[in-house]
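Student: I am new to this structure and would like to go through it step by step. Could you guide me?

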Amino acid sequence: MKTFNFLLLSIVAIGLYSCGPKMIYPGEVWTDTEQNMINAHGGGVLYHNGTYYWYGEYKNDSTYHAPGVEWDCYRTEAGGVACYSSKDLHSWKFEGVALKPDMANPESDIHPSMVIERPKVIYNEKTGKFVMWMHIDSYNYSKAATGVAVSDSPTGGFKYLHSLRPYGEESRDMTLFKDGDGKAYHVYSAKGNSTLYIHLLSDDYLEHTETYKAVFPGKFREAPAIFKRQDKYYMITSGCSGWDPNEAEYAIADSMLGEWTAMGNPCVGENADRTFGGQSTHVITVDPENDKYIAMFDKWNKLDLINSRYIWLPVQFHSADSITIEWKDEWSLNDL
Ligand code: DGJ
């Protein structure tokens, strides 16, 4: 009888836990299913076959100032790209380092002495491959390139192919956007971060085509995050102030390679002029028919980068294609 009661209680407890409110606490410590802090910075989320995959920079636990560099160049050794999986966007299982650093070759792009930032993964239906693009840089950010890796499985191991500068152009902060027609775009800060480039990728997503558009020349925007709602494209970006927060801005367009119109700061409320201490990295499309989108930001801790936090907030839609993002100390995914 005792065993039966215990079993019954356990079943009820598990039931309550899985149906209970799945709370998000922006800016607070977020642990994985093993109670370790999630280590996936500058990340993005891919939804594939009923599972969400969160990829991000796997940071080493010591932060130091890059020697001989005059600006605020704090860094950690690059630990590759981490992957976490989840069914509900709340409880994340560590799947390991999906793109492992190359410890053996100091000349490699993915040696720990290099910079690996803002990895994003999309799935290519035609080739059946998961394709990862990332910002690859030297310790002082002078290489300004982008790297490509592929895998047969979403959790890796990703095979690193190479880095490149698109048609010789610098490429730093970046994202990927895959449209409903299967076309994919690499969006990156170019020309000393002064201009954003939106670059159509080849059908296998492994190369740039000759089709691109330069947007906001001279405006110095970085940290791009793109999503689509109905027939409109939205892009959230930050200004350029290193690891320190600044004011976000969003822009809208009728097509990826069309005219982008700046719409101002989407953040509202206290600390909105500093993006609540965060910087954009991705927007998760959860349920587009019901306007459910989550904006992801990194709250960098430049003196202890592994202890940077994540700020996830719902995107709210208004008339005339305007959006707002409001601070919340906590919110429930059930109410999204
Ligand atoms: C701002 C970028 O958005 C980050 O990804 C990182 O590259 C820092 N600059 C480095 O200072």
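Tutor: What follows is a conversation about the ligand site, some charged residues and the strands. This is a predicted model, in which local features need pLDDT of at least 70 and side-chain atom pairs count only at pLDDT 80 or more, while totals for chains, interfaces and linings use all residues. Residues are numbered from 1 along each chain as its sequence is written, and side-chain values use heavy atoms, with hydrogens and water left out.

Student: Which residues surround the ligand?

Tutor: The ligand is surrounded by Trp 71, Glu 117, Arg 118, Tyr 141, Asp 173, Glu 222, Gly 242, Trp 243 and Gln 279.

Student: How far is a polar side-chain atom of Glu 117 from an oxygen atom of the ligand?

Tutor: That separation is 2.6 Å. In the side chain of Arg 118, an N or O atom is 3.0 Å from an oxygen atom of the ligand. For Gln 279, the corresponding value is 2.9 Å, again from a side-chain N or O atom to an oxygen atom of the ligand.

Student: Changing topic, how many salt bridges are there?

Tutor: The count comes to 20 salt bridges, where a salt bridge is a side-chain nitrogen of Lys or Arg within 4 Å of a carboxyl oxygen of Asp or Glu. One of them joins Glu 249 and Lys 219, with the closest N and O atoms 2.7 Å apart. Glu 249 lies in strand β18 (residues 249-253) and Lys 219 in the loop between β15 (208-215) and β16 (222-229), so this pair ties together parts that are 30 residues apart in sequence. Strands are DSSP runs of E with at least two residues, numbered from the N terminus.

Student: Is Glu 249 buried or exposed?

Tutor: Glu 249 is buried, with a relative accessible area of 15%. Lys 219 is partly exposed at 33%. Buried means under 20% relative accessible area, exposed means over 50%, and partly exposed is in between (1.4 Å probe, protein chains only).

Student: Which residue forms a salt bridge with Lys 232?

Tutor: Asp 321 does, and the closest N and O atoms are 3.7 Å apart. Asp 321 is in the loop between β23 (309-317) and β24 (323-326), whereas Lys 232 is in strand β17 (residues 232-238), so the pair ties together parts that are 89 residues apart in sequence. Salt bridges that share partners also join Asp 72, Asp 244 and Lys 302 into one network.

Student: What about Asp 32: where is it found?

Tutor: Asp 32 is in the loop between β1 (23-24) and β2 (41-48). Asp 32 is buried yet has no salt bridge, and the nearest side chain of opposite charge, Lys 93, is 10 Å away. For charge, Lys and Arg count as positive and Asp and Glu as negative, while His and the chain ends are not counted.

Student: Which residues is Asp 32 in contact with?

Tutor: Leaving aside neighbours within four places in sequence, Asp 32 is in contact with Ile 38, Tyr 84, Trp 92 and Phe 94. Contact means heavy atoms within 4.5 Å. As for Lys 93, this residue forms a salt bridge with Glu 95, the closest N and O atoms being 3.7 Å apart.

Student: And Lys 228, what does it touch?

Tutor: Lys 228, which is in strand β16, touches Phe 177, Asp 179, Tyr 233 and Tyr 293, not counting residues up to four places away in sequence. Its side chain has a polar contact of 3.1 Å with that of Asp 179, and another of 3.1 Å with that of Tyr 233. A polar contact is a pair of N or O atoms within 3.5 Å; within protein, one must be able to donate a hydrogen and the other to accept it, and residues adjacent in sequence count only if both atoms are side-chain atoms.

Student: Finally, in what order do the 5 strands of the open sheet come?

Tutor: The order is β20-β24-β23-β22-β21, and the pairing is mixed. The edge strands are β20 (267-268) and β21, each of which pairs on one side only. Two strands pair if DSSP finds at least two bridges between them.

Student: How do β21 and β22 pair?

Tutor: Strand β21 (residues 279-287) and strand β22 (residues 292-299) pair in the antiparallel sense over 7 bridges. Ile 284 stands opposite Ile 294 in β22. The two strands β21 and β22 form a hairpin with 4 residues between them, and Asp 291 in the turn has a positive phi of about 55°. By contrast, β20 and β24 run parallel, joined by 2 bridges.

Definitions and conventions
A residue is near a molecule or strand if one of its heavy atoms lies within 4 Å of it.
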